[in-house]
Amino acid sequence: MKRALKGNSRGLQIHFGERKTLETEGFELTPLWTRGEPIGAARARLAAITPDPTAGRAPRDHMIEAFDGIDRWVPRPVRIDLTDLADRKAVTIRQLQLPDAEPAHPAAREALTRWIDTSPLRRAAAAAALAHLEATSRPLDSVYLHGEPVIGSRYSNTTWQTGVGFGWSHYRGISHHLQEGTDWFEVVRPTRTQPLHTLHIAVQDRSALPRR
């Protein structure tokens with residue numbers, strides 16, 4: 001849906017369900033279309049919005065060192081929440097760039113069958129998640145990989161220590177995971193060929209995490 005709305009534009013961000021937050025922060029919102037109206041009404045309103053010729057580049061707010069060079073792929077609401085966690089000293093956040101690799105454990109290889117061989121998500125799972133976690137001696141039965149445990153069932157009462165997500169699809173679950181788990185790896189932009197930039201978010205002081 002986002003690609004259909006904005007194409008390849010880097011200067012356009014799509015926000016869902018954040019009207020109150022944006023208005024509180026001073027953003028002026030303009031309705032473009034209401035259900036039942038012709039599409040021409042939306043096009044006319046859009047055409048009436050003219051760019052400010054004096055406007056420069058907006059400052060990057062809610063930035064920490066871990067976002068350097070990848071902030072275009074970290075949505076502003078995510079930056080706000082993660083910066084808050086870092087400011088609270090609840091977590092530490094560091095940026096990793098993980099090399100392509102394949103895991104050796106049979107359970108890890110079985111987990112990769114969720115995706116076809118050419119999928120960017122499979123590449124991210126193999127390199128950024130499973131191979132890296134194997135190399136750091138993480139037990140696979142404690143890993144929750146992009147919405148599914150590597151070993152076991154999501155319906156069990158297991159507490160998974162390490163969470164892994166791709167492209168912020170499970171962003172809303174990060175804070176909940178950190179209430180009991182130890183850390184989270186987020187591949188911010190899974191691709192087939194480009195570097196796999198990854199944020200490692202580790203619990204520093206669980207008592208400082210916001211309760212939801």
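Helices (H or I, at least four residues) and strands (E, at least two) are DSSP runs, numbered from the N terminus. Residues are numbered from 1 along each chain as its sequence is written. The model is predicted, so local features need pLDDT of at least 70 and side-chain atom pairs pLDDT 80 or more, while totals for chains, interfaces and linings use all residues; side-chain values use heavy atoms, without hydrogens and water.

**Exercise 1.** Describe strand 4 and the strands it pairs with.

*Solution.* 
- Five of the five residues of strand 4 (residues 162-166) are buried, so the strand is largely enclosed by the rest of the structure.
- Now sort the side directions: Thr-162, Val-164 and Phe-166 point one way, Gly-163 and Gly-165 the other.
- For pairing, DSSP must find at least two bridges between two strands. Strand 2 (residues 143-145) pairs with strand 4 in the parallel sense over three bridges, and Tyr-144 stands opposite Gly-163.
- Strand 5 also runs parallel to strand 4, joined by five bridges; here Thr-162 has Asp-183 as its bridge partner.

**Exercise 2.** Follow Asp-183 and find the polar contacts of its side chain.

*Solution.* 
- Asp-183 sits in strand 5 (residues 183-187), and it counts as buried because its relative accessibility is 3%.
- A polar contact is a pair of N or O atoms within 3.5 Å; within protein, one must be able to donate a hydrogen and the other to accept it, and residues adjacent in sequence count only if both atoms are side-chain atoms.
- With that rule in hand, the Asp-183 side chain makes a polar contact with the side chain of Thr-182 at 3.1 Å. Another polar contact, of 2.9 Å, joins the side chains of Asp-183 and His-200.
- Widen the view to contacts beyond four places in sequence: those of Asp-183 include Arg-138, Gln-161, His-177 and Ile-201.

Definitions and conventions:
Buried means under 20% relative accessible area, exposed over 50%, partly exposed in between (1.4 Å probe, protein chains only). Contact means heavy atoms within 4.5 Å.
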